[in-house]
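Please examine the fold shown below, together with its sequence.

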Amino acid sequence: MADWWTAPAEAADGKLVMVTGRRDIKKFRENPRFSIRVEVSWKYIGGEDGMPKREDSEMMERVQDLLVAVFDKDPVAVLTGVYTGDGERNWVFYTLSTHIFGRKLNEALADLPVLPLEIYCENDPDWQEYDEMAECEIKMD
């Protein structure tokens with residue numbers, strides 16, 4: 001089972017963003033093939049606190065469970081972080097192939113209705129985004 005931490009952070013506008021990061025990523029990070037960062041984003045209309053409403057939150061959890069399950073079964077990507085707040089949830093993955101990632105994402109979510117997801121990919125061989133996110137955990141210690 002994956003080892004996760006959660007810490008509060010602030011968006012640029014000062015709103016709360018909950019950051020959840022994965023600790024047990026060593027085997028992925030040491031594999032130079034896992035050099036592509038993929039961010040899957042879901043923008044939502046939240047409450048005054050910027051957090052998703054219950055219905056959206058429940059569907060987001062379902063999406064996350066499905067994605068984790070498909071990548072646990074076929075580890076071509078690893079979920080390393082989740083940001084929730086200020087009207088957006090972002091799932092951050094590192095993968096070895098955007099083509100395979102896309103195929104697996106579609107496979108995982110095939111039985112769900114069309115979702116308001118946006119996908120962004122970038123080469124990040126040094127896992128720079130992961131290191132920046134991990135600073136949130138360090139600040140909590």
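E61 is partly exposed, because its relative accessibility is 34% and this class lies between buried, under 20% relative accessible area, and exposed, over 50% (1.4 Å probe, protein chains only). Its salt-bridge partner is R89, with the closest N and O atoms 3.0 Å apart; a salt bridge here is a side-chain nitrogen of Lys or Arg within 4 Å of a carboxyl oxygen of Asp or Glu. The pair connects distant parts of the chain, since E61 belongs to helix α2 (residues 54-73) and R89 to strand β5 (residues 88-95), 28 residues apart. Helices (H or I, at least four residues) and strands (E, at least two) are DSSP runs numbered from the N terminus.

The model is predicted: local features need pLDDT of at least 70 and side-chain atom pairs count only at pLDDT 80 or more, whereas totals for chains, interfaces and linings use all residues. Residues are numbered from 1 along each chain as its sequence is written, and side-chain values use heavy atoms, with hydrogens and water left out.

Across the whole structure, a search finds twelve salt bridges. Side chains of opposite charge can pair when their charged atoms come close. A further example joins D131 and R29, at 2.7 Å from N to O. This pair also links distant parts of the chain, with D131 in helix α4 (residues 128-140) and R29 in helix α1 (residues 26-29), 102 residues apart. D131 is partly exposed at a relative accessible area of 35%, and R29 is partly exposed at 29%. The side chains of R22 and D24 form another salt bridge, at 2.8 Å from N to O. Here R22 is buried, with a relative accessible area of 12%, while D24 is partly exposed at 32% relative accessibility.

How are the strands arranged in the sheet? Six strands form an open sheet in the order β1-β2-β4-β5-β3-β6, with antiparallel pairing; two strands pair if DSSP finds at least two bridges between them. Because β1 (4-10) and β6 stand at the edges and each has a single partner strand, one side of each is left without a neighbour in the sheet. Neighbouring strands are turned by 20° against each other on average, direction ignored.

Strand β5 can be followed through its pairings on both sides. Eight bridges join β5 to the antiparallel strand β3 (residues 36-43). Within that pairing, W42 has R89 as its bridge partner in β5, and I36 has T95. Eight bridges also join β5 to β4, again antiparallel, with V78 having Y94 as its bridge partner in β5. The strands β4 and β5 form a hairpin with two residues between them, and D86 in the turn has a positive phi of about 55°. Seven of the eight residues of β5 are buried, so this strand is largely enclosed by the rest of the structure.

L117 is partly exposed, at 23% relative accessibility. L117 and S41 are 76 residues apart in sequence, yet 5.4 Å apart in space, C-alpha to C-alpha. Not counting residues up to four places away in sequence, L117 touches V40, S41, W42, W91 and L109, where contact means heavy atoms within 4.5 Å.

Helix α2 lies across β3, β4 (77-85) and β5, and runs at about 5° to β5. Helix α3 (residues 98-109) packs on the sheet, where it touches β3, β4, β5 and β6, and its direction makes about 35° with that of β3. For these angles, axes are lines fitted to C-alpha atoms, for helices over the stretch in contact, and angles run from 0 to 180 degrees between N-to-C directions.

The cysteines complete the account. The structure holds zero disulfides, a disulfide being a pair of cysteine sulfur atoms within 2.5 Å. C121 is partly exposed at 37% relative accessibility, whereas C136 is buried at 16%.
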